[in-house]
Amino acid sequence: MKRTKKQIAMFVTGCIMMLAGLSVLGFYGVRHILRDIHRNQLMKENMVIQIPELRIKAPVLEGTDNEVLKQAVGHFPETGTPGHGNCCIAGHSSPIYKEYFNAIRDVQMGMKIHLYDVQKHEYVYTVTEYRIVEPNETWVLQDFGDDRVTIVTCTDDGSQRQIVVGQLDNPTNQ
């Protein structure tokens, strides 16, 4: 069967399009794998926060600047540490991008928050508060004389902050 020039051109164009599509998928697949490897390495070397019911698990780096928050969530300097004081953690949430704290808006009282320090000792907290505050309401970062974790992330439109507070379970056993 003899093929026409038009059929050959269509076949070649189809092959080129398939290769281009596979290249794009390959690029994003490799990029996703490299991000996962980097994330897992960060979780081995740093503090980790996990909220199993919301499918949140993230490395916690020191600081809250943009470079930190591009890679992970950040621990506010000069706030408490896991199991001691008010351990304050910030991270991005966005309905557009895959950010660590996207599911925070679904948090419910009584859910468990797990913090693992660098040595991987586990501290379990129970969610006791969820509130929306203005960006300038930094009082949520203060030491309240108890052992808690405070999570800070933006609302979907970015105009306000979602605050989740968890109280440490059995602090004498930590």
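Residues are numbered from 1 along each chain as its sequence is written, and side-chain values use heavy atoms, with hydrogens and water left out. Because the model is predicted, local features require pLDDT of at least 70 and side-chain atom pairs count only at pLDDT 80 or more, whereas totals for chains, interfaces and linings use all residues.

The mean pLDDT of the chain (the predictor's confidence in each residue, from 0 to 100) is 90, and 94% of the residues score at least 70. Where pLDDT is low, the predicted coordinates should not be read in detail.

The chain contains two helices and eight strands; these elements are DSSP runs numbered from the N terminus, with helices (H or I) of at least four residues and strands (E) of at least two. Along the sequence their order is α-β-β-α-β-β-β-β-β-β. The radius of gyration, taken over C-alpha atoms, is 22 Å, well over the 16 Å that the globule rule (2.2 Å times the number of residues to the power 0.38) gives for 174 residues, so the chain is more spread out than a compact globule. Along the principal axes, the C-alpha atoms fill a box of roughly 85 × 35 × 30 Å. The accessible surface, from the Shrake-Rupley method with a 1.4 Å probe and, for residues, with only the protein chains shown counted as cover, comes to about 10,900 Å², of which 57% belongs to carbon and sulfur atoms. Of the 174 residues, 39% count as buried; buried denotes under 20% relative accessible area, exposed over 50%, and partly exposed in between (1.4 Å probe, protein chains only). Of the contacts (heavy atoms within 4.5 Å) with a separation of 6 or more, 53% are between residues 24 or more positions apart.

Strand pairing was assigned where DSSP finds at least two bridges between two strands. Strand E5 (112-116) pairs with E1 (47-51) in the antiparallel sense over three bridges, with Leu 115 in E5 as the bridge partner of Ile 49. Five bridges join E5 to E6, also in an antiparallel arrangement. Within this pairing, His 114 has Val 124 as its bridge partner in E6, and Tyr 116 stands opposite Glu 122. E6 is in turn joined to E8 by eight bridges, these two strands running antiparallel, and the partner of Arg 131 in E8 is Ile 163. E5 is mostly covered, with four of its five residues buried.

The largest nonpolar core comprises 24 residues; such a core is a set of buried Ala, Val, Leu, Ile, Met, Phe, Trp, Tyr and Cys residues joined through side-chain atoms within 4.5 Å. Ile 49, Ile 89, Phe 101, Ile 113, Leu 115 and Ile 151 touch the most other members. At least two residues of this core are supplied by each of E1, E2 (56-62), E4 (86-90), E5, E6 (122-133), E7 (148-154) and E8 (161-168). Not counting residues up to four places away in sequence, Ile 49 touches residues including Ile 56, Val 60, Val 73, Ile 89, Phe 101, Ile 113, Leu 115 and Ile 151. In soluble globular proteins, nonpolar side chains tend to be buried together.

Positive phi values occur in two loop residues other than glycine, as follows. Lys 120, in the loop between E5 and E6, has phi near 70° and is partly exposed at 35% relative accessibility; the hairpin formed by these strands has five residues between them. Glu 78, in the loop between E3 (73-75) and E4, has phi near 65° and is exposed at 84% relative accessibility.

Two further residues were examined for exposure and spacing. Gly 145, in the loop between E6 and E7, is exposed, with a relative accessible area of 71%. Its C-alpha atom lies 17 Å from that of Val 127, 18 residues away in sequence. Glu 122, in strand E6, is partly exposed at 37%, and its C-alpha atom is separated by 16 Å from that of Thr 150, 28 residues apart along the chain.
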